[in-house]
Amino acid sequence: MRSRWPMVVPALVAATVGAWAGDDDALLDALTDGPVCPTPDRCWPRDVSRSLHARDAEGVRLPARAASLLFLRVPPASQLEMEVRTFGTSLPVTLVAEDGRERVLHGDSPLLTGERTMTLDLGPWAGQLVQLRFLPGARAPRDYPDVIVRRLALRPRPTDASVSRSSPPSERPNVVVY
């Protein structure tokens, strides 16, 4: 299997910078231009992938039973917010980090039809180039199995108030003995 990393570096840098700067369309644009892979070692050509990721007013369509890939550099202390609409399918999301290991970020059960928002913590991979794999499944071939990604945005992770809050001043004096 040939690595897909060299062909996507310029696009992922632009998408990550735009997304971190508050451009919510930057990651949707990158997903639209990203590869669609029917098997783990084979991806469709770029023009075929773009047509399969048909973007309209609702969002980006992810074809069923094929992985849609998004490459990005993870900013520090970030999370990925996703708003999706499904039609009789599940949407597991996995991450492949620089170490090559695949991790499940979100496992999903099928819904007949539904909209939901998911927040995925990317903090452990801060500073790394990662591959996100969105793999819609389907209940049956005759169903309308597409998933529509309506929003995809990088956001700073909220800090834990208990960690960021300083401790109250002590009544005891701070004495240093030499």
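β6 and β7 pair in the antiparallel sense over 4 bridges. Strands pair if DSSP finds at least two bridges between them. Strands here are DSSP runs of E with at least two residues, and helices are runs of H or I with at least four, both numbered from the N terminus. Within this pair, Val96 has Glu102 of β7 as its bridge partner. This is a predicted model, in which local features need pLDDT of at least 70, side-chain atom pairs count only at pLDDT 80 or more, and totals for chains, interfaces and linings use all residues. Residues are numbered from 1 along each chain as its sequence is written, and side-chain values use heavy atoms, with hydrogens and water left out.

**Sheet and strand pairing**

- β6 and β7 belong to an open sheet of 5 strands, in the order β1-β4-β9-β6-β7 with antiparallel pairing.
- β1 (36–37) and β7 (102–106) are the edge strands, and each pairs on one side only.
- Strands of a sheet pair through backbone hydrogen bonds, either parallel or antiparallel.
- β10 runs antiparallel to β5, with 9 bridges joining the two. Gln79 stands opposite Arg155 of β10.
- β10 also runs antiparallel to β3, joined by 3 bridges. Here Leu62 stands opposite Val147 of β10.

**Whole chain**

- The protein chain has 4 helices and 10 strands. From the N terminus, the elements run α-α-β-α-β-β-β-β-β-β-β-β-β-α.
- Of its 178 residues, 43% count as buried. Buried means under 20% relative accessible area, exposed means over 50%, and partly exposed lies in between (1.4 Å probe, protein chains only).
- The chain exposes about 10,200 Å², and carbon and sulfur atoms supply 55% of that area. Accessible areas come from the Shrake-Rupley method with a 1.4 Å probe; for residues, only the protein chains shown count as cover.
- Among contacts between residues at least 6 apart in sequence, 79% join residues at least 24 apart. Contact means heavy atoms within 4.5 Å.

**Nonpolar core**

- The largest nonpolar core has 27 residues, and Leu70, Leu80, Met82, Leu91, Phe134 and Leu152 touch the most other members.
- α2 (25–33), β3, β4, β5, β6 (93–96), β8 (111–121), β9 (129–134) and β10 (147–156) each supply at least two residues of this core.
- A nonpolar core is a set of buried Ala, Val, Leu, Ile, Met, Phe, Trp, Tyr and Cys residues joined through side-chain atoms within 4.5 Å.
- Leaving aside neighbours within four places in sequence, Leu80 is in contact with Leu27, Met118, Thr119, Leu120, Leu122, Leu132, Leu152, Ala153 and Leu154.
- In soluble globular proteins, nonpolar side chains tend to be buried together.

**Disulfide**

- A search of the whole structure finds 1 disulfide. The term means a pair of cysteine sulfur atoms within 2.5 Å.
- Cys37 and Cys43 form it, with their sulfur atoms 1.9 Å apart.
- The torsion about their S-S bond is about 75°, so the disulfide is right-handed.
- Cys37 is buried, at 2% relative accessible area. Cys43 is partly exposed, at 30% relative accessibility.

- Most residues other than glycine have a negative phi.
- Arg65 has a positive phi, near 60°. Arg65 sits in the loop between β3 (59–62) and β4 (67–73). Arg65 is partly exposed, at 47% relative accessible area.
- Ala77 also has a positive phi, near 45°. Ala77 lies in the loop between β4 and β5 (78–89). Ala77 is partly exposed, at 35% relative accessible area.
- Asp121 and Ala77 are 44 residues apart in sequence and 8.5 Å apart in space, C-alpha to C-alpha.
- Asp121 is in strand β8 and counts as partly exposed, at 36% relative accessibility.
- Beyond four places in sequence, Asp121 is in contact with Ser78, Gln79, Leu105 and Arg157.

**Confidence**

- The mean pLDDT of the chain is 77, and 70% of its residues reach 70 or more. pLDDT is the predictor's confidence in each residue, from 0 to 100.
- Over residues 1–12 the pLDDT is below 50, and this stretch has 21 contacts in the model beyond near neighbours in sequence.
- Residues 161–170 stay under 50, and the model gives them 1 contact beyond four places in sequence.
- Where pLDDT is low, the predicted coordinates should not be read in detail.
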